[in-house]
Amino acid sequence: MTTDRLDLDDARAHLASQPFSVLLGARLVSFDEDGAVLEVDARPDLLQQNGFLHGGVLAYAADNTLTYAAGTVLGPGVLTGGMTIEYVRPAQGRTLRATARVVHAGRRRAVCTCRLEMIADDGSARLCAVAQGTVLPVATP
């Protein structure tokens, strides 16, 4: 594990440097020792043919949130080593919220889990997918 620590402002600046994240309108809501929370609003251009938030958007959110959670223990230089996602129900609602936590961390990897929920207009949350991933530290330029 590293002693390099990022704070929420650093993590948000990092997210803002990712063109694809900017395109999706992703925002980092939380980044601390408990993990990370990322949100994406369900815009019409992010829906699939049945009106649900596209599964690719959910996979993006899981992937990015898993790496941010791992970054809380491994430092800023991390990449996803692998990820699985299980879609448990259609993603319907106003906002996708991905919440990731570190399950295990060593020097060479962190294993994290992620809950993906859709937030309705009334503020209620409904689970739509779960993910697990392995995140690896990498040398940064």
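Arginine 94 and aspartate 121 form a side-chain salt bridge, with 3.8 Å from N to O. Arginine 94 sits in the loop between β3 (78-87) and β4 (95-105), and aspartate 121 in the loop between β5 (110-119) and β6 (125-137), so this pair ties together parts of the chain that are 27 residues apart in sequence. The model is a predicted one. In the whole structure, a search finds 6 salt bridges. The chain carries 3 helices and 6 strands, and the strands form an open, antiparallel sheet.

- Arginine 94 is partly exposed, at a relative accessible area of 37%.
- Aspartate 121 is exposed, and its relative accessible area is 70%.
- The cut-off for exposed is over 50%, so the 70% of aspartate 121 qualifies, whereas the 37% of arginine 94 falls in the partly exposed class.

**Salt bridges of Arg27**

- Arginine 27 and glutamate 39 meet through their side chains in a salt bridge of 3.3 Å, N to O.
- Arginine 27 has a relative accessible area of 31% and is partly exposed.
- Glutamate 39 is buried, with a relative accessible area of 11%, while aspartate 41 is partly exposed at 32%.
- Through shared partners, salt bridges join Arg27, Glu39, Asp41 and Arg97 into one network.

**Sheet and helix packing**

- The 6 strands of the open sheet are ordered β1-β2-β4-β5-β6-β3, with antiparallel pairing.
- Strands β1 and β3 are the edges of the sheet, each pairing on one side only.
- From one strand to the next, the twist averages 20 degrees.
- Strands β4 and β5 run antiparallel and are joined by 10 bridges.
- Histidine 104 has valine 111, in β5, as its bridge partner.
- Helix α1 (residues 8-16) packs on the sheet and touches β1 and β2. The direction of helix α1 makes about 145 degrees with that of β1.

**Chain as a whole**

- Read from the N terminus, the elements follow the order α-α-β-β-α-β-β-β-β.
- The radius of gyration of the chain is 14 Å, which agrees with the value near 14 Å for a compact globule of 141 residues.
- Taken along the principal axes, the C-alpha atoms fill a box of roughly 45 × 25 × 25 Å.
- Buried residues make up 40% of the 141 residues in the chain.
- Of the contacts between residues at least 6 apart in sequence, 62% join residues at least 24 apart.
- The chain has an accessible surface of about 7,500 Å², and 52% of that surface belongs to carbon and sulfur atoms.

Definitions and conventions. Residues are numbered from 1 along each chain as its sequence is written. This is a predicted model: local features need pLDDT of at least 70, side-chain atom pairs count only at pLDDT 80 or more; totals for chains, interfaces and linings use all residues. Side-chain values use heavy atoms; hydrogens and water are left out. A salt bridge is a side-chain nitrogen of Lys or Arg within 4 Å of a carboxyl oxygen of Asp or Glu. Buried means under 20% relative accessible area, exposed over 50%, partly exposed in between (1.4 Å probe, protein chains only). Helices (H or I, at least four residues) and strands (E, at least two) are DSSP runs, numbered from the N terminus. Two strands pair if DSSP finds at least two bridges between them. Axes are lines fitted to C-alpha atoms, for helices over the stretch in contact, and angles run from 0 to 180 degrees between N-to-C directions. Contact means heavy atoms within 4.5 Å. The radius of gyration is taken over C-alpha atoms; the globule rule is 2.2 Å times the number of residues to the power 0.38. Accessible areas come from the Shrake-Rupley method with a 1.4 Å probe; for residues, only the protein chains shown count as cover.
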